[in-house]
Amino acid sequence: MAWIDCEKAFGRVPHSWVIKSLELIGINNKVISFTKKVTSYWRTCMRLHTENKLIETDDIKIQCAIFQADSLSPLIFCICLIPLTEQLNRLNTGYEERTTKTKISQLLYMHDMKLIAKSDEELQKQIQTVKIFSDDIHMEFGLEKCAKIAFKRGKLVHWQNLVIDINREIEELEQEKTYKYFGIEESEGIQH
């Protein structure tokens, strides 16, 4: 199992990917046109107040980012990650739920993801899928908030770190440490 944090996730999603994601899930064309139009107006500028004068840049077009304070932004962000969940599901990894026979390979809430796999090999496949997707839409891992843990027959085992690329790894959760996922400390069990 691995916990993945996407660093500054809302601030990294390109508007082009927002539009493409809306198209992929079949959102009404009027909504897509409205979103294109609205995001084309997003601008900012920088101002420096000195003792003598105000220095101001020209308008700077904002080409990526979703406003965090906007009530629609969380929904748009989740829509942008639907293709990732579909790619992870196509890997056919994870655990099969007994009654419905549904495979569960990830839990996703906004920019926090938990990958669930039966083996280190499966987990490595999942992390590479997340890496490729993240690279494509310019999101980055917040490595200091990522961790992995492995169990075999319910017992904690130590395996290697998860390799993202030649310079980056997701480290194994240290024994006796916990990972806080939505306020719940997780490790070998749930800590109260």
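I began at Lys 101, which is exposed, with a relative accessible area of 54%. My cut-offs are under 20% relative accessible area for buried, over 50% for exposed and partly exposed in between (1.4 Å probe, protein chains only). I placed Lys 101 in the loop between strand 6 (95–96) and strand 7 (103–104). Its phi is positive, about 65°, although Lys 101 is not a glycine. Most residues other than glycine have a negative phi.

I noted the basis of the model. It is predicted: local features need pLDDT of at least 70, side-chain atom pairs count only at pLDDT 80 or more, and totals for chains, interfaces and linings use all residues. Residues are numbered from 1 along each chain as its sequence is written, and side-chain values use heavy atoms, with hydrogens and water left out.

I looked up His 138 next. His 138 also has a positive phi, near 65°. It sits in the loop between helix 4 and strand 10 (140–141). His 138 is exposed, with a relative accessible area of 52%.

His 15 was another entry. It lies in helix 1 and is buried, at a relative accessible area of 8%. Leaving aside neighbours within four places in sequence, I found His 15 in contact (heavy atoms within 4.5 Å) with Thr 39, Trp 42, Ile 62, Gln 63, Cys 64 and Ala 65.

Of the 192 residues, 38% count as buried.

Then helix 3, residues 73–90. Its 18 residues reach 27 Å from first C-alpha to last, close to the 26 Å expected at 1.5 Å a residue. The expected span is 1.5 Å times one less than the number of residues. I marked a kink of about 35° at Leu 81, shortly before Pro 83. The bend is the angle between axes fitted to the seven residues ending there and the seven starting there. Just after helix 3, Asn 92 takes a positive phi of about 60°.

Which elements do the buried residues of helix 3 pack against? I listed helix 1 (15–24), strand 8 (106–109), strand 9 (112–115) and helix 4 (120–136). The axes of helix 3 and helix 4 come within 10 Å and cross at roughly 150°. The two helices are therefore roughly antiparallel (over 145 degrees). Residues of helix 3 including Cys 80, Leu 84 and Leu 88 meet Gln 126, Thr 129, Val 130 and Phe 133 in helix 4.

How values were computed
Helix = DSSP H or I, 4+ residues; strand = E, 2+ residues; numbered from the N terminus. Axes fitted to C-alpha atoms, helices over the stretch in contact; angles between N-to-C directions. Parallel < 35°, antiparallel > 145°, perpendicular 65-115°, else oblique.
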